[in-house]
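Here are my notes for you, point by point. Keep the picture open while you read.

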Amino acid sequence: MRSGGRCVLCNAYLLEGALSARTLNLGELAHIVGQGVGARSPRGEYPLDPGLRDGADNLMLLCERHHGEVDAQRALDVFTVEQLRRLKREHEDRIRHVTGLGPERATAVVRMLGSVHGRAVELSRETAAEAVTAQRRFPLFLESYDRHGVEIDLRQLPGERPVEDVVSAAAGSRAYYGHAVRVIDEVLEHRLRAGVERGAVQHVSVFGFARLPLLVYLGARLDDTVPTEVFQRHRAEESWRWPDESGVSTRFEARVDQDVPAGDEAVVVVNVSGAIGRDEVPGELSMLRRYVISPVGVATGPDILCSRASLGCFEDTLRGFLALLEAEAKTVRRLHVLPAVPMSAAVALGRAHHFQVHPQWVIYERLAGSYVPTLEVGRSAG
Ligand SMILES: [Zn+2]
């Protein structure tokens, strides 16, 4: 039982035949210190009371092949008592840990794969599984529909790559976003929501690599009632695991950057991975009340969100900002959002938006050097 039905050395499952698929007991109990004390008993000369040699602490569950190998005369210098005890302990500790992850540690994995400036990243099921496992969770792929699970694949959509001049880039983006939004809605509606409604999904893990407005949209469309964790791809590590688990976090603040009375519209500039200058705010927004969200005490940069704690602080600041907006700018019906943020923060932005409560958001994107409106989230002002 401590071994989980698996070979200590190769992790093969030993209660089923690989060819017949029948329930078979293929495990063998191998002695660490040999059962006999004579020279022909592998490791039998090791000082251990013969009465303890058949005890569980001196036995390992192995497949037939590895049982043969550890007992082979010519390999006994490799398979010492100390070495086998260590391997047994590591395997049994791992089985105990992994089988301790009860149903409450399950998480439904949502992956959105697009390309950004013609670039895509590796985001397979295995990659996502590895990242959630590092958080002591195990992945559910909800694959009753197909083997991809909840996968939003935008890579084949026409117009994924923006063109260089701003007018055609904006037109191309609008068409592209129109298609992409339908794909996002379709996958979430048919694959994720069904799981949430029948109670199979109690937690969601989100992995997104796509253009920022689509990540905001994805975040806004995710169910508010299910706890959700957003993952980030870290460039330096080329990994979706959080590199910094220290719990030390970057703090953020929201402040008024242009203090004019709020009318129907206002602007928020979100400077996290980069800083959008005042001169980059589009001219038609220049007279509006404007807010800025930015890190405290550190410069903006692409790797600023290297811990879950920092993303959590960013989310807290967003919620604080939206509460402030509700309190001091009740008249705002449209909020123009200019994000320079890592992808996880874009999803978090969308998550903070509540359809019933908040004004419509207009998400801007930098296309051919200028910020242009590309996608709207929430009901229209009319
Ligand atoms: Zn084996």
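1. Let's begin with helix H3 and what sits around it. The buried residues of H3 pack against strand S3 (106-113), strand S4 (138-140) and strand S6 (204-209). Packing here goes by contact, meaning heavy atoms within 4.5 Å. Helices (H or I, at least four residues) and strands (E, at least two) are DSSP runs, numbered from the N terminus. H3 itself covers residues 125-133, and its buried residues are Thr127, Ala128, Ala129, Ala131 and Val132. Buried means under 20% relative accessible area, with a 1.4 Å probe and protein chains only.

2. A word on what you're looking at. This is a predicted model, where local features need pLDDT of at least 70 and side-chain atom pairs count only at pLDDT 80 or more, while totals for chains, interfaces and linings use all residues. Residues are numbered from 1 along each chain as its sequence is written, and side-chain values use heavy atoms, leaving out hydrogens and water.

3. Now the nonpolar cores. A nonpolar core is a set of buried Ala, Val, Leu, Ile, Met, Phe, Trp, Tyr and Cys residues joined through side-chain atoms within 4.5 Å. The largest one has 77 residues, and Leu192 and Phe314 have the most contacts inside it. Helix H4 (residues 166-197) gives the largest share of this core, 9 residues. Apart from it lies another core of 16 residues, including Met60, Leu62, Val70 and Val81.

4. What does Leu192 touch, not counting residues up to four places away in sequence? The list is Ala108, Val110, Leu142, Val150, Val187, Val201, Val204 and Leu222.

5. Have a look at Val269 too, in strand S9 (residues 265-271). Val269 counts as buried because its relative accessibility is 2%. Leaving aside neighbours within four places in sequence, Val269 is in contact with Ile276, Val281, Arg290, Tyr291, Val292, Ile293 and Leu338. Val269 and Ile293 are 24 residues apart in sequence, yet 6.3 Å apart in space, C-alpha to C-alpha.

6. Last, the zinc ion. Which protein atoms are its donors? They are Cys7 (SG), Cys10 (SG), Cys63 (SG) and His66 (ND1), at 2.0 to 2.3 Å. Donors are N, O and S atoms within 2.8 Å of the metal (3.2 Å for Na, K and Ca). Cys7, in the segment before strand S1 (28-31), and His66, in helix H1 (residues 64-70), link distant parts of the chain, 59 residues apart. Cys7 is buried because its relative accessibility is 0%, and His66 counts as buried at 15%.

How values were computed
Buried means under 20% relative accessible area, exposed over 50%, partly exposed in between (1.4 Å probe, protein chains only).
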